[in-house]
Amino acid sequence: MSSKGGRKKASSSSSVHEQLQQLRSLTNSTAVNKTSIIVDASRYIEELKDKVDKMSQETATSSHASTSSQNPLPMVTVETLEKGFLINVFLEKNCPGLLVSILETFEELGLDVLEARVSCEESFKLEAIGGENEGNVECIDAQMVKQAVMQAIRKWGENSHQE
């Protein structure tokens, strides 16, 4: 009976020894005795916890910065119609003064606003149909309109940050 208990103890101690060696390897420990390996492992775990905390804080800070700043990018789509363009602009936040900037851009492009729907309550939404002025000899395409609207939004963002 004592031989069985002795074997069991030997196999469990070799198992513990193997596990300590694995722990030593995982934590890059150079310790030799059991206590030092465990101390090194607990230090390693603390370092990992600190790294996780730091990364969590950085993630929270960057996501807070992007939601509180101008960064949620506007969605701008421009479709070519028979005589003009269908322009859609969407931003996730209210943008005082942005409508004026976009309308000024339409004017610079020589687009008349034929029809428009705007919402500036909690987010900014604009759906407009812009037609080319009769006197406008330049040929405007949808990409030009989109780029001009995006530029107006960027300028507005820069101006609103300075105030």
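**Note on salt bridges and the nonpolar core**

1. Glu127 forms a salt bridge with Arg117, with the closest N and O atoms 2.3 Å apart (a salt bridge being a side-chain nitrogen of Lys or Arg within 4 Å of a carboxyl oxygen of Asp or Glu). Glu127 lies in strand β4 and Arg117 in strand β3 (residues 111–119), so the pair ties together parts that are ten residues apart in sequence; helices (H or I, at least four residues) and strands (E, at least two) are DSSP runs, numbered from the N terminus.

2. This is a predicted model, in which local features need pLDDT of at least 70 and side-chain atom pairs count only at pLDDT 80 or more, whereas totals for chains, interfaces and linings use all residues. Residues are numbered from 1 along each chain as its sequence is written, and side-chain values use heavy atoms, with hydrogens and water left out.

3. A search of the whole structure finds three salt bridges. One of them joins Arg43 to Asp40, with the closest N and O atoms 3.5 Å apart, and these two residues, three apart in helix α2 (residues 34–68), are separated by about one helical turn.

4. The largest nonpolar core has 22 residues, and those with the most contacts inside it are Val89, Ile102, Val145 and Val149; such a core is a set of buried (under 20% relative accessible area, 1.4 Å probe, protein chains only) Ala, Val, Leu, Ile, Met, Phe, Trp, Tyr and Cys residues joined through side-chain atoms within 4.5 Å. The largest share of this core, six residues, comes from α4.

Technical notes
Buried means under 20% relative accessible area, exposed over 50%, partly exposed in between (1.4 Å probe, protein chains only).
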